[in-house]
Amino acid sequence: MIHLLILCRYYLPENKIGAIRPSKFAKYLNETKKYKITVITAMSHDDSCPEHEITEDGIEIFRVGTGKISSLLRYKKAGKGSTISSKIATSSSKRNLKYIIISLLFRLRLFLEENVMLLNAKKILRNNNQKFDVIFSTYNTKFGHIIAKWYKKRHKSIKWIADFRDSVWLSNSTPKQIKKAKKFAQTTASSCDMITAASQGILQTHAEEFKKKQTRVIYNGFDSADIPEVSVKPDGILKLAYTGQLYVGRSDLTPIFRALDKLAQEDKIDISKVQVLYAGNSGGVFEEQIKPFKNIPYINKGFIPRSEALSLQLSSDILLLASWCYKGEKHILTGKYFEYLGMKKPILSVISGNEPGCILKELITEHELGFCYEAANDDSEFDILCGFLESQYQNLIESGELSFSPNEAYTKSFEYRNIAKEIDNLICQLLNL
């Protein structure tokens, strides 16, 4: 029996995209009956989970608190997913006093949370007499890697896989942030036994820090078991859905709204037979983007449980994906992309930024998954975007179905059940089994 310790900031049922990757790895590794799995993660934001539990399938989970003081600084969601921060971030005067105060309080909250979580996690491990064979820790955030490094320093024989589902910095990071992030990536790489990453782009970004450390790309995926059975009755309305976070200045759905507005003005579509649906934490950002297009019907459902978000995707016609492409970021693959693969719906992706040729465009085009528009190629691609929307609208009106014939072999390869086998192979390789 392999004793596996998983360290991560987010773990299901926490409603965060970052919770899915470690949770699904744990689920399917556990099903092999080769592992005894212990998870140390953070308490869910609504404090609804037990501090300690052993699940029905035998996974032991410890959830560490984030501290009473930091919980007082946590902002509440206002309206339909319109957080205070998103409203301020989209205002015309971003650097007003209120913005600065909330930004400082946000950073203070993260600092306090991290330190309390680290103290609590170390206490659990000091009191745990179990001998672990392997650690799997995942970034984002730093929590998992910091605890893994601390534990390996005290148990040198343990094997450590350091997983990066995100890059430690982005193109808009400040020089000070990049310097600090580089040091974190370097110290992690120097202490672990293997590095895994959710995309090739992450490995390329951190090639200098990871150096000659053994690395492997382990993609995100989807779990068919999560997909609910939803009976959809055609109503002649073209539904476009976006579920998840919208990042200010990077996730921009505006080109889709511009295209719908243009088609409506040219009488190529009846805008009353179109509906844009949003669910997530960034309702303020979404509403700022769609506000100039007053004729487009939309519903902002706000922050909803993951099961409802999946049902919303299934009951929609086109799934919207917003990402970005700047220098050095062509290989960004958001976890939402892989989740959408399991829905068997056309994906309409919009890429902001000044660099063309992102990996999302390549994959969506090659595997016939829908259409990907890049802002860097707006002159040539905006009309194609309009054509895609008009064609799908006409298909729905005339036949009740959209045009969609994806590469099924490609999509099936991203089942978490299959991806977990890659992690299993890596662990066995490290342990010489």
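The stops below go from the core to a helix and then to the cavities. Keep in mind that this is a predicted model.

**Stop 1: the core.** Start with Leu 4, Ile 37, Tyr 337, Leu 341 and Ile 427, the residues with the most contacts inside the largest nonpolar core, which has 56 residues. In soluble globular proteins, nonpolar side chains tend to be buried together.

Stay with Leu 341 for a moment. Leaving aside neighbours within four places in sequence, Leu 341 touches Phe 222, Ile 347, Leu 369, Tyr 410, Thr 411 and Phe 414.

**Stop 2: an enclosed helix.** Select 283–290, which is helix α10; six of its eight residues are buried, so the rest of the structure largely encloses it. To see the buried ones, pick Gly 283, Gly 284, Val 285, Phe 286, Gln 289 and Ile 290.

**Stop 3: the cavities.** How many cavities of 30 Å³ or more does the structure hold? There are three. The largest cavity has about 80 Å³ of space. Its lining includes Lys 24, Phe 222, Asp 223, Arg 306 and Glu 339, and the elements giving two or more residues to that lining are α1 (17–30) and α11 (306–314). By class, the lining has six nonpolar, one polar and five charged residues.

Last, go to the second largest cavity, with about 40 Å³ of space. Select Arg 9, Tyr 10, Tyr 11, Cys 49 and Arg 63, which are among the residues lining it. Here the count is five nonpolar, two polar and three charged.

Definitions and conventions:
Residues are numbered from 1 along each chain as its sequence is written. This is a predicted model: local features need pLDDT of at least 70, side-chain atom pairs count only at pLDDT 80 or more; totals for chains, interfaces and linings use all residues. Side-chain values use heavy atoms; hydrogens and water are left out. A nonpolar core is a set of buried Ala, Val, Leu, Ile, Met, Phe, Trp, Tyr and Cys residues joined through side-chain atoms within 4.5 Å. Buried means under 20% relative accessible area, exposed over 50%, partly exposed in between (1.4 Å probe, protein chains only). Contact means heavy atoms within 4.5 Å. Helices (H or I, at least four residues) and strands (E, at least two) are DSSP runs, numbered from the N terminus. On a 1 Å grid over the protein atoms alone, a cavity is a set of points where a 1.4 Å probe fits but cannot get out, and a pocket is an open set with protein on both sides within 12 Å along at least five of seven lines; lining residues have an atom within 4 Å of a point. Grid points are joined across faces, edges and corners, and a volume is the space filled by probe spheres set on the points. Ala, Val, Leu, Ile, Met, Phe, Trp, Tyr, Cys and Pro count as nonpolar, Asp, Glu, Lys and Arg as charged, and the others, Gly among them, as polar.
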